[in-house]
Amino acid sequence: MSNKLSNSPLGAGGKLKLAIQKSGRLSEDSIKLLKDCGIDLRNVKDRLKTEADNFPLEVFFLRDDDIPQYVEDGVADIGFVGENVLYEKNKKVASVEKLGFGKCRLSVAVKRNEEYNGPAFLQGKRIATSYPVLVQQFLDKNQVQAEIHEISGSVEIAPGIGLADAVCDLVSSGSTLFMNGLKEVEVILQSQAVLIKNKNLSADAQLLLNKLLFRIQSVKKAKNNKYVLLNAPNEKLKEIISLLPGMKSPTVLPLATEGWSSVHSVINESDFWNIIEKLKEAGAQGILVVPIEKMIV
Ligand code: PRT
Ligand code: ZN
């Protein structure tokens, strides 16, 4: 079966325009997500722009900070960008779907030996950050006055060189803070990559976006679920089936060995270990767990 979208609603040249990060932490995962959606990009190396071979999609490679503006202006119809950038830039775009990668948090950190007693600690202090808008919102919410020093990189060295008393920066493992003698004391935003769209998308572009979203949601669902096959003695079938959520009810097939059945089902990642343990206790044997590529419900 051909993967091509014939009869593109935008006509022969009509393509959905997507902005993604050119090179950085979101680039690889953005391209991988498109690939998982069955969309192959032509030659992505050292390019500002490319096209997909098998979906009416044009892709622009940009600095992540510029993506919200390009989408607001309609130069791009949609973009993949971190929520941290989206909320800091505060452009008039709509956030449509969380993408499940680029996870991090925007946190306040202070020197490890400081005694932090809540946001009031920051009163009158200097905070170094690349996120002045989000930090100011946090200070306002907590009725704290502090001095914000906007710096564009290497924020975490600011306290060590006497430039600031605290920092507010992105954290994922926490090792950068640790190596700079800092400790995380407040999480002001949990962030991940999201799909954003222009607020005045044409009906044709929206139609293409719906097709793309359908694929993205199928890929995300598949990632969050596992296909499980197991063998069960027939007298335990009822109990084992009651432990399995599945999409509808599980599939049960007789095994060649008398008195045994094979049971197939889908389990959500978050309940996974819990359910597997209960299945073993209930007498399940030969449990196989298989990744799912796409899941359409
Ligand atoms: O050139 P361009 O402007 O496009 O890229 P950039 O340098 O501004 O951004 P980049 O590529 O560093 O990050 C892009 C996006 O990835 C961010 O906007 C976040 O949405 C997301 N992201 C996820 C992260 C991190 N995790 C992360 N850990 N962005 C940055 N970091 C940095 C952080 O700033 C700190 O320096 O990693 C360090 C902390 O990491 P840990 O693991 O030591 O805690
Ligand atoms: Zn950036």
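Author: A salt bridge here is a side-chain nitrogen of Lys or Arg within 4 Å of a carboxyl oxygen of Asp or Glu. Across the interface of domain 1 and domain 2 in this predicted model, that rule finds 0. Residues are numbered from 1 along each chain as its sequence is written. Because this is a predicted model, local features need pLDDT of at least 70, and side-chain atom pairs count only at pLDDT 80 or more.

Reader: How do you know what counts as domain 1 and domain 2?

Author: The bounds come from an automatic or database domain assignment. Domain 1 is 16-102 + 192-222, and domain 2 is 104-191.

Reader: What makes residues of domain 1 and domain 2 count as in contact?

Author: Contact means heavy atoms within 4.5 Å. By that rule, 7 residues of domain 1 touch 10 residues of domain 2.

Reader: What is the area buried between domain 1 and domain 2?

Author: Buried area is the accessible area (1.4 Å probe) that two parts lose on being put together, summed over both. Here that comes to about 760 Å², with carbon and sulfur atoms giving 51%. Asn84, Tyr87 and Glu88 supply 70% of what domain 1 buries against domain 2.

Reader: Why is Gln21 with ligand 1 called a polar contact?

Author: Such a contact is a pair of N or O atoms within 3.5 Å; within protein, one must be able to donate a hydrogen and the other to accept it, and residues adjacent in sequence count only if both atoms are side-chain atoms. A polar side-chain atom of Gln21 sits 2.8 Å from an oxygen atom of ligand 1, so the pair falls within the 3.5 Å cut-off. Ser175 qualifies too, with a polar side-chain atom 3.3 Å from a ligand 1 oxygen.

Conventions. Chains are lettered from A and ligands numbered from 1 in the order in which they are written. Side-chain values use heavy atoms; hydrogens and water are left out.
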